[in-house]
Amino acid sequence: MGIRFVLMVNKQGQTRLAQYYEYLTVEERRTLEGEIVRKCLARNEHQCSFVEHRNYRIVYRRYASLFFLVGVDDGENELAILEFIHLLVETMDRHFGNVCELDIMFHLEKVHFMLEEMVMNGCIVETSKANILTPIQLMDKTS
Amino acid sequence: MAGSSSSSIMDNLFQRTLDDLIKSMRLHLLTESSLISKSIEDIRREIKSTDPQTKSTALQKLTYLSAIHGVDMSWAAFHVVEVMSSSYFSHKRIGYHSASISFHDQTPVILLITNQLRKDLSSTNHFHVSLALHCLSNIATLDLARDLTPDLFNLLSSSRVFVRNRAIAVVLRVFDKYPDAVRVCFKRLVENLESSDPQVVTAVVGVFCELSCKDPRSYLPLAPEFYRILVDSKNNWVLIKVLKIFARLAPLEPRLGKRIVEPICEHIRRSGAKSLVFECVRTVITSLSDHESAVKLAVSKVRELLVDQDPNLRYLGLHALSVAAPKHLWAVLENKDAVVKSLDDEDSNIKIESLKLLMVMVSESNVVEISRVLLNYALKSDPEFCNEILGSILTTCGRNVYEIVVDFDWYVSLLGEMATIPHCQKGEEIEHQLTDIGMRVKDARLQLVRVARDLLIDPALLGNVYLHRILCASAWVVGEYIQLASDPLELIDALVQPRANLLPPSIRAVYINSVLKVLSFCLDCYINQDEDTAASYGNSEMFVVKKDSEAPELVATCEGSTYEQDEGFNPRHSTAESSDDLSVENDTDRVTHFSKRKFTHETVVSLLNRIESIFGSLTANQDVEVLERARNILAFVQLIKAEIIDNSGQNLGEKYTQVSTVIKSIRHAFSMELGPVSISAQGRVAVPDGLVLKENLDDLKAICGGDIEPPSSSTFYTGGPQFGTTLDGSSSNLLKNAESGPSNESTSLLEHRKRHGLYYLASDKSETFTDDYPPANDPKSNSNEADELAKLTEQSLLLKKRTNQMKSRPVVVKLDDGDVAPIPYKRPEPRDNSLSGAIKDVLLGSETHPSLSLDKSSTKRKGKKKQGTDIPSEMKENLGDAEKLDPENPNSSSKNKERRRRGKEKIVEGGESDQRGKKKSSHRHGRHKTHQRANSPLNVVSQTPVIPDFLL
C-alpha cells in the first residue's frame with residue numbers, strides 16, 4: 001500500500017483531518033499522531049520534508065498554519081507525495097477559494113470527499129483537479 | 001410513547017448541527033473534554049430518533065468527534081448501518097463515511113451490510129456506486145469480498161469510467177482478503193491496462209504496483225503492457241508507478257533490463273519532473289546495476305541532487321547513494337566531499353544519512369582518517385548526533401572482531417578519546433570493547449593500560465554518570481595488566497581517590513578488586529627485588545642505587561616466575577602460553593620504563609597504611625560487594641603489614657618467608673590470563689553423570705546446601721597443596737576469594753557458577769554470559785578446553801598469514817564459532833501468500849500448459865501479440881462458468897470454484913506455488929494441499945520459463 005494515512009494538523013498540534021488507509025484502533029491513532037506531530041512540528045523550513053517514524057516514512061509540507069502529513073511505505077516516491085500534497089491543496093483552494101484552516105474544519109466531509117476521489121486503498125487514482133471536483137460540485141448543486 | 005415522539009420533534013427542532021458543535025468548541029465556553037462528553041450525551045439520545053435527519057446529524061457529529069478527537073464510536077455501529085440504508089444521498093453519505101472510519105474486521109454488524117452494499121453497487125446512480133466502492137475499499141472483510149466479487153467483476157468493465165477506476169482500486173483490497181477473487185477478476189483487470197482512458201490506466205497501474213510488491217515473478221508475463229505504458233504514457237504519476245514495477249521485475253529477467261534501460265535513460269535526460277527523474281535514478285541504481293552507462297548517468301544526476309539548495313533533494317541524493325553503495329561503492333567515494341559536507345547540515349535527518357554513508361565507505365585503509373573527521377564533528381555537534389556518530393564508529397570498528405582495525409594502539413587511544421567527549425553516552429559499548437580488546441589482542445594491552453590510566457587519574461571524569469562503565473573497564477584493565485603499567489603506585493592512588501565514592505557500588509567493587517591486584521603486584525615486585533638484591537649484594541641500600549639498570553630484569557624474572565609456576569599449577573593454561581611465548585617476551589621488553597619507580601621499604605609501608613585507612617572506612621559500606629572486597633583487602637594488608645614492618649631491619653635473606661608465600665599465591669590467582677569466551681562454550685560442556693537438570697527448582701536449597709565446593713577451588717589446591725598447610729584460617733579464606741578474583745564479581749560469580757553449573761548446563765547453545773566481564777576460563781569446561789585452544793591457535797595462525805600483506809596487524813583472538821554470533825545475511829523469505837499463488841495460476845495458466853505437455857517451452861513461445869491473446873482465451877473458459885454461477889448462493893459458488901480449481905489443477909499443477917497451503921480458508925482446501933505436495937517436483941520445471949521471448 002502506497003499511502004498509509006493523511007493527516008492535517010495545525011501548528012498548535014491539533015488534528016484537523018485524519019484519514020487512514022489501514023485499520024488502527026483509536027488509541028493507536030492517537031499515539032501515532034502525537035508522536036508524528038511532535039517530531040515534524042519541531043522541524044524548521046531549512047530541514048528536509050521527510051521523516052522516518054516506526055515503519056513509516058512521513059512526507060510533510062507546511063502551508064500557512066497547517067501541516068499536511070502523509071505517511072507512506074518505504075520506497076514510495078517522496079517527491080511524488082509532495083506533489084500530491086500540493087495537488088490536494090490546490091484542489092481545496094479551487095473549491096473553497098483561498099482555503100484556510102476554518103474551511104477544513106467546517107467542511108471536513110467535503111475534504112474527505114476530495115481525498116476519496118484522489119486516493120483509494122492508498123493508491124492515487126485521480127490527479128486531475130477538474131475530475132476530483134466534479135462530483136462535489138454536482139452534490140452542491142443538488143443540495 | 002407520546003413523550004418520546006414529542007421529544008424527538010424537540011430534538012429535531014433544537015438539535016445542534018455539526019457546525020454548531022464545531023463553533024462551540026472554538027469558543028472554548030467549556031473545557032474540551034466536558035464539551036465532548038456533553039455532546040456524546042446528546043448524540044446518544046438523538047441517534048435513537050426515528051427521524052432520519054436527526055439520526056444522521058447525530059451520526060455526523062459522532063463521526064467528527066471520533067475522527068478528530070478520538071472518541072469511541074463502536075457502540076453506534078448499528079446506527080451506522082441504519083443510516084447507510086437511507087435512500088437520501090446526503091444521509092447515505094454520512095453513513096458510509098462513518099462506516100469506513102469505524103468498521104473493521106471484528107465489527108459484528110459488518111455481516112449486515114452485504115446486501116446494502118450489493119444494492120448500491122448495482123445502483124444506476126453512480127454516486128451511490130462510488131460510495132459503496134469507497135466503503136468496500138476501506139472495510140472489506142473476507143466475507144464481504146467473497147460475496148461481492150461478482151458485482152465487482154461487473155463493474156470492472158463498466159462503461160462509466162468514474163465507476164470503473166474505483167472498482168479497479170477496490171480490487172486490491174478484495175484480492176488481499178479473498179485471493180480466489182483473482183480467478184474471477186484478474187482478466188478484466190489486465191484488460192484495463194490497455195484502456196485508452198488515462199484515469200483507468202492510473203488506477204490499474206497503481207493496483208499492479210502494489211500487487212507486484214508481494215511476488216513480482218507472477219507479473220513477468222505482463223511486462224509488454226507495462227513496457228508500452230513506460231514508452232507511451234505522458235503522465236508522470238503513471239510512469240513512476242510503472243518504474244516501480246520494473247524495478248521489481250528487472251532483476252528477475254535479465255533480458256527485460258536490456259529492453260527498458262534505454263527508455264529510462266531517455267526519461268532521465270528529458271524529463272523536467274524531479275520526482276520522475278529521481279524514480280528513474282532509483283530504478284537504475286537498484287535494478288539495472290549491470291548497465292554501466294545508465295548507472296553513470298544516474299550517478300551524475302545524484303551528484304546534482306547532492307549539491308542542490310533544496311534540503312529535500314540533498315536528502316534524497318544521499319538516500320540514493322546509500323541504495324547504490326552495496327553495488328557501486330565508487331559512486332559513494334566519488335561524492336565523498338559532498339557526503340562529508342552534509343555532516344554539517346542543519347537537518348539531523350540529512351546528517352544521519354551522510355553518517356550512514358560514511359560508515360559504508362570505511363575500510364582498513366581509511367578508517368583512521370574517517371574516524372578522525374567524525375570525531376571532530378562529534379565534538380562540536382549536539383548530544384544526540386554526537387552519540388549517533390560515536391555509536392556508528394564503535395559498531396563499524398567492532399564489526400567481525402575488529403575486522404577493519406589494523407593499528408590497535410590507535411584504536412584504543414580513539415576509544416579513550418571518545419570517553420572524554422563531553423556528550424558521550426556510549427559507556428557500555430566502550431566498556432565492552434576495552435575489555436574485549438584486552439582479552440583478544442595481546443599487543444594492544446600496553447596502550448590499553450596507558451589509556452586506562454589516563455582515564456582513571458582524571459578526577460573530573462568520575463562526575464559523569466555515562467562514563468562510569470568506561471571507568472569500570474579501565475579499572476579492570478589496569479588490574480589485569482598491571483605488569484605493563486609504568487607506575488603502579490600512581491594507579492593505586494587513582495583507584496582509591498576520594499571521588500571514587502561517586503561510583504555506583506558495582507563499579508566500586510571492580511575498583512577495589514583492581515586495587516588488590518595492583519597491590520599484590522607491587523608487593524610481589526618489592527619482595528622479589530629484595531630477594532634478588534639480597535642474593536647479589538646482601539644490602540638493600542645498594543639495591544636502590546643500582547636499581548635503574550636492574551629493574552627490567554627484575555620484571556622479567558618476576559613475570560617469568562609467574563609463568564613457570566603456572567605450568568605446575570594449571571597444565572591447560574601453559575599450553576596456551578607456550579604458543580604465545582613470543583608475545584610474552586615482547587611484553588617484558590616493553591616494560592623497561594617501569595624502573596623509574598622504586599619500591600623502597602618506606603613507600604610500601606606508607607602504601608599499606610594508606611590502604612588500610614581508606615578501606616577501613618569502607619567496611620561500613622552498605623553494599624555487600626564493596627563491603628566484602630574491602631574487608632578482604634584489609635585482612636590481606638593486616639596480615640602482611642606486621643611482618644613487613646617487623647622485618648625492616650633484619651637480614652634480607654630470611655625475611656618475608658611467610659609474606660612472600662601469601663603474596664605469591666595471590667599473584668598466582670590473578671596471573672591466569674583471561675580469554676574471550678565463546679557464546680556457546682557453556683553448551684559444549686558435557687553434562688556430568690547423574691546430574692538431574694529438569695528437576696523442580698524448589699529443592700534448590702537442598703542441593704546447594706549439600707556443601708558443594710566451588711569447582712574452581714579444587715583446581716587451585718591441587719596446584720599448591722602446601723598453601724593450605726602454611727596458612728591460618730583467615731588467609732585461607734582470603735585465598736578462596738582471591739582465586740575467583742580474575743572474574744571481578746567474586747562472590748556473586750561463584751554463586752552464579754555454582755548454580756548455573758548445576759542447573760543451566762544443559763540448556764542449548766543460546767545460553768549467553770551476561771556477566772559484566774566474561775568469566776574466567778571456567779574450570780568446569782576444562783575437558784573441552786584443549787580442543788578449543790587447538791582451534792584457537794589455528795585461528796591465530798590463519799590470521800597471521802593475512803597480516804603480512806601490509807603493516808602487521810596484531811593477532812586478534814577469535815573463537816571458531818560464533819563468539820560474536822555470526823549474523824548471516826538472511827534473505828527474507830518472500831512472504832508469499834495465497835494471492836500470488838492465485839495470480840500465478842491465472843497468469844501462467846496458459847504458459848505452463850505447453851511446458852507440461854512438451855518440455856520445449858521456449859521454442860513454443862509465441863510473439864508478443866499472440867501472448868496477449870493467449871491469456872484471455874484460457875481465462876474465458878474459467879470466466880464462463882464464473883458468470884454462470886449463481887451469485888446469491890455463496891455456498892454453491894464456493895463449491896463450484898473448488899471444483900473448477902481442481903479441474904484446472906490437472907493442467908496447471910506446476911504453476912501453483914507451495915504457499916497456497918497457507919490459505920486462510922484452508923479447511924476447504926485440505927485435499928488440495930496434499931495433492932499439491934505430491935506434485936511439488938513439477939514446480940521446478942515450470943517455474944523457469946516464466947518470461948517468454950516476446951521482449952527481444
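User: How many residues does the contact take from chain A and from chain B?

Analyst: In this predicted model, chain A gives 35 residues to the contact and chain B gives 39 residues.

User: OK, and which elements give two or more residues to the side of chain A that touches chain B?

Analyst: Going along chain A, they are β2 (15-20), α1 (26-41), β3 (50-53), α2 (78-96), α3 (101-106), α4 (108-118), β7 (123-124) and α5 (129-142).

User: How many nonpolar, polar and charged residues has that side?

Analyst: On the side of chain A that touches chain B there are 17 nonpolar residues, with 11 polar and 7 charged.

User: Let's stay on chain A. How many helices and strands has it?

Analyst: Chain A has 5 helices and 7 strands. Starting from the N terminus, they come in the order β-β-α-β-β-β-α-α-α-β-β-α.

User: What order do the strands take in the open sheet?

Analyst: The open sheet has 5 strands, ordered β2-β1-β5-β4-β3 in chain A, and the pairing is antiparallel. At the edges sit β2 and β3 of chain A, each pairing on one side only. On average, neighbouring strands in this sheet are turned by 20 degrees against each other, ignoring direction.

User: How many bridges join β1(A) to β2(A)?

Analyst: There are 5 bridges between β1 (residues 3-10) and β2 of chain A, and the two run antiparallel.

User: Which strands does α1(A) lie across?

Analyst: α1(A) lies across β1, β2, β3, β4 (56-63) and β5 (66-72) of chain A, and runs at about 140 degrees to β3(A). α1(A) is also among the elements that give residues to the side touching chain B.

User: I'm curious about Asn121(A). Where does it lie?

Analyst: Asn121(A) is in the loop between β6 (119-120) and β7 of chain A. Its phi is positive, about 60 degrees, although Asn121(A) is not a glycine.

User: Is Asn121(A) buried or exposed?

Analyst: Asn121(A) is buried, because it has 28 other C-beta atoms within 10 Å and the cut-off for buried is 20 or more.

User: Switching to chain B. How many helices and strands are there?

Analyst: Chain B comes to 47 helices and 0 strands.

User: What share of each chain counts as buried?

Analyst: For chain A, 43% of its 143 residues count as buried. In chain B, buried residues make up 42% of 952.

User: And what share of the contacts join residues at least 24 apart?

Analyst: Taking contacts between residues at least 6 apart in sequence, the share in chain A is 47%. For chain B, with a separation of 6 or more, residues 24 or more positions apart account for 73%.

User: Pick a helix pair in B. At what angle do α9(B) and α10(B) pack?

Analyst: Helix α9 (residues 142-155) and helix α10 (residues 161-177) of chain B pack at about 150 degrees, with their axes 10 Å apart. They are therefore roughly antiparallel to each other, and their crossing is left-handed.

User: Which residues meet there?

Analyst: From α9(B) come Leu142(B), Ala145(B), Thr149(B), Leu152(B) and Leu155(B), which meet Val163(B), Arg164(B), Ala167(B), Val170(B), Val171(B), Val174(B) and Lys177(B) in α10(B). By class, the contact of α9(B) with α10(B) has 9 nonpolar residues, 1 polar and 2 charged.

User: Another Asn now. Where does Asn400(B) lie, and what is its phi?

Analyst: Asn400(B) is in helix α23 (residues 383-402) of chain B. Asn400(B) has a positive phi of about 50 degrees, although it is not a glycine.

User: Buried or exposed?

Analyst: Asn400(B) is exposed, because it has 11 other C-beta atoms within 10 Å and 12 or fewer counts as exposed.

User: Last one: where is Ser293(B)?

Analyst: Ser293(B) is in helix α17 (residues 292-306) of chain B. Ser293(B) is exposed, with 10 other C-beta atoms within 10 Å. Its C-alpha atom is 9.6 Å from that of Val261(B), 32 residues apart along the chain.

Notes. Residues are numbered from 1 along each chain as its sequence is written. Chains are lettered from A and ligands numbered from 1 in the order in which they are written. This is a predicted model: local features need pLDDT of at least 70, side-chain atom pairs count only at pLDDT 80 or more; totals for chains, interfaces and linings use all residues. Helices (H or I, at least four residues) and strands (E, at least two) are DSSP runs, numbered from the N terminus. Two residues are in contact if their C-beta atoms, placed from the backbone, lie within 7 Å. Ala, Val, Leu, Ile, Met, Phe, Trp, Tyr, Cys and Pro count as nonpolar, Asp, Glu, Lys and Arg as charged, and the others, Gly among them, as polar. Axes are lines fitted to C-alpha atoms, for helices over the stretch in contact, and angles run from 0 to 180 degrees between N-to-C directions. Angles under 35 degrees count as roughly parallel, over 145 as roughly antiparallel, 65 to 115 as roughly perpendicular and the rest as oblique. A crossing is left-handed if the near helix is turned anticlockwise from the far one by less than a right angle, and right-handed if clockwise. Two strands pair if DSSP finds at least two bridges between them.
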